[in-house]
Amino acid sequence: MARYDRAITVFSPDGHLFQVEYALEAVRKGNAAVGVRGTDTIVLAVEKKSTPKLQDSRSVRKIVNLDDHIALACAGLKADARVLINRARIECQSYKLTIEDPVTVEYITRYIAGLQQKYTQSGGVRPFGLSTLIIGFDPHTGTPSLYQTDPSGTFSAWKANATGRNSNSIREFLEKNYKETSGQETLKLAIRALLEVVESGGKNIEVAVMTREHGLRQLEEAEIDAIVADIEAEKAAAEAAKKAPATKET
Amino acid sequence: MESVFGLVGKDFAIVVADTSAVHSILVHKTNEDKIMVLDSHKLMGASGETGDRAQFTEYVQKNVALYQFRNGIPLTNAAAANFTRGELATALRKNPYQVNIILAGYDKDVGPSLYFIDYIASLHKVDKAAFGYGSYFALAMMDRHYRRDMTVEEAIELVDKCIMEIRSRLVIAPPNFVIKIVDKDGARDYAWRESIKDAPTA
């Protein structure tokens, strides 16, 4: 067993941890995931790559809850995600058992990030190949939060963010179009952002909304289709409005 | 001595527990809630060593919650009972929990159910059960008056008869009791039976 103690993640001469960077590559190949924080609503939307006809899609949930008031979506190696999510769920209950209070979003994010970091500095293991988007409401103040972690173990809070495939384009879109929203507007913003890189349609997106009172709610395909249709209509109207003044002048 | 008892009705289950927290000759408080709500449709009434009672019931509650997050569906009452018994059994020959438990729950497909779990990890699925010195009187009363399909009103009448017997026949009888019920709409407080009220704190 001594042979498996050797560190796999070691520094390169110019200060890189290549295993961590390769893990980030794995994340970049994973499905796109978007998170948007509103004043009273937080939304997670994840790309659903085409499901094989014979697969039961209910067994592939991309947005999961860690506790009553915390949810997580991720991009990257799904098997690694299962392990991380399980550890986080146990930590949520363990914390509640010892402290008698639910975890804050920051605490559980720090825990997950800490776990990801540990695997970049241990013998015989490789880093987790995923980045997570963690959303939730503070159990005491009710403030909404959105956090992101990555394979290196860093984490930070965001107003809106994306990870996975084409995350740069989505982030650009969000930077241009983000404003403080609530309720349905937050939901539309998240879906619009995801639609920048994903084929439109309810069966290609998985969306979940979290509110203080109702916790996490997964949207039905029909609901998503309706919102997508709304967004398309708004886009078409905006295009028409842009063209109309030009034709008047001629 | 602590009393906990429970019974199954037509489509509900009831658990009753005394609410005194006693240490040798001192009564710490008379409104200690010994019936823990494990999840939306389960009640765990416990009696015994105070620290063990709180610690063990909270431990079961958090594990029941973890199961639900991991699997997306809640534990059945039978599964929760067997898990609880398993934990007691594992600890028994090392550092035993001194807790007696009455687990009441409602499952959509099975209906109401009641489990008797004692401190040496026996498990019995029953219609009525009781622990403590009060059990002598509660069981006798229930044996005489209990019927399979009681309504809530009839069951509460029986519960009150049991409480009256415990109050009048036990030399150190607990003054107050809490009654909780679980049915298809969930687990909740039903009523308190208080003969002594704690002085209100400023």
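The second largest pocket is lined by 22 residues, and those nearest its centre are Met1(B), Glu2(B), Ala21(B), Val22(B) and His23(B). Strands E3 (21–23), E4 (26–29), E6 (42–48) and E7 (99–107) of chain B are the elements that give two or more residues to this lining, and E3(B) has the largest share, with three residues. By class, the lining splits into ten nonpolar, nine polar and three charged residues. The volume comes to about 570 Å³.

A quick word on ground rules. This is a predicted model, so to speak of local features takes a pLDDT of at least 70, side-chain atom pairs count only at pLDDT 80 or more, and totals for chains, interfaces and linings use all residues. Residues are numbered from 1 along each chain as its sequence is written, chains are lettered from A and ligands numbered from 1 in the order in which they are written, and side-chain values use heavy atoms, with hydrogens and water left out.

Now for the terms. A pocket here is an open set of points on a 1 Å grid over the protein atoms alone, where a 1.4 Å probe fits and protein lies on both sides within 12 Å along at least five of seven lines; lining residues have an atom within 4 Å of a point. Grid points are joined across faces, edges and corners, and the volume is the space filled by probe spheres set on the points. Helices (H or I, at least four residues) and strands (E, at least two) are DSSP runs, numbered from the N terminus. For the classes, Ala, Val, Leu, Ile, Met, Phe, Trp, Tyr, Cys and Pro are nonpolar, Asp, Glu, Lys and Arg are charged, and the others, Gly among them, are polar.

On to the largest pocket, with a volume of about 1100 Å³. Of its 44 lining residues, Val64(A), Asn65(A), Arg89(A), Phe69(B) and Arg70(B) are the closest to the centre. Two or more residues each come from strand E3 (63–67), helix H2 (78–99), strand E9 (205–211) and strand E10 (215–218) of chain A, along with strand E5 (35–39) and helix H1 (50–71) of chain B. H2(A) gives the most, nine residues. The lining has 16 nonpolar, 14 polar and 14 charged residues.

Tyr95(A) sits in H2(A) and Tyr107(A) in helix H3 (residues 105–118) of chain A, twelve residues apart. The loop between H2 and H3 of chain A holds Glu100(A), whose phi is near 65°, a positive value in a residue other than glycine.

Next, the sheets. In chain A, five strands form an open antiparallel sheet in the order E8-E1-E2-E9-E10 (two strands pair if DSSP finds at least two bridges between them). E8 and E10 of chain A are at the edges with a single partner strand each, so one side of each has no neighbour in the sheet. The twist averages 15° from one strand to the next (axes are lines fitted to C-alpha atoms, for helices over the stretch in contact, with angles from 0 to 180 degrees between N-to-C directions). Strand E1 (residues 33–37) of chain A pairs with E8(A) over four bridges, and Ala33(A) has Thr163(A) as its bridge partner there. Helix H5 (residues 183–195) of chain A packs on the sheet, touching E1, E2 (41–47) and E9 of chain A (contact means heavy atoms within 4.5 Å).

Chain B has an open sheet of five strands too, in the order E10-E1-E2-E11-E12, with antiparallel pairing. Four bridges join strand E1 (residues 4–8) of chain B to E10(B), with Val4(B) opposite Phe131(B). Helix H3 (residues 134–145) of chain B packs on this sheet, and its direction makes about 165° with that of E10(B).
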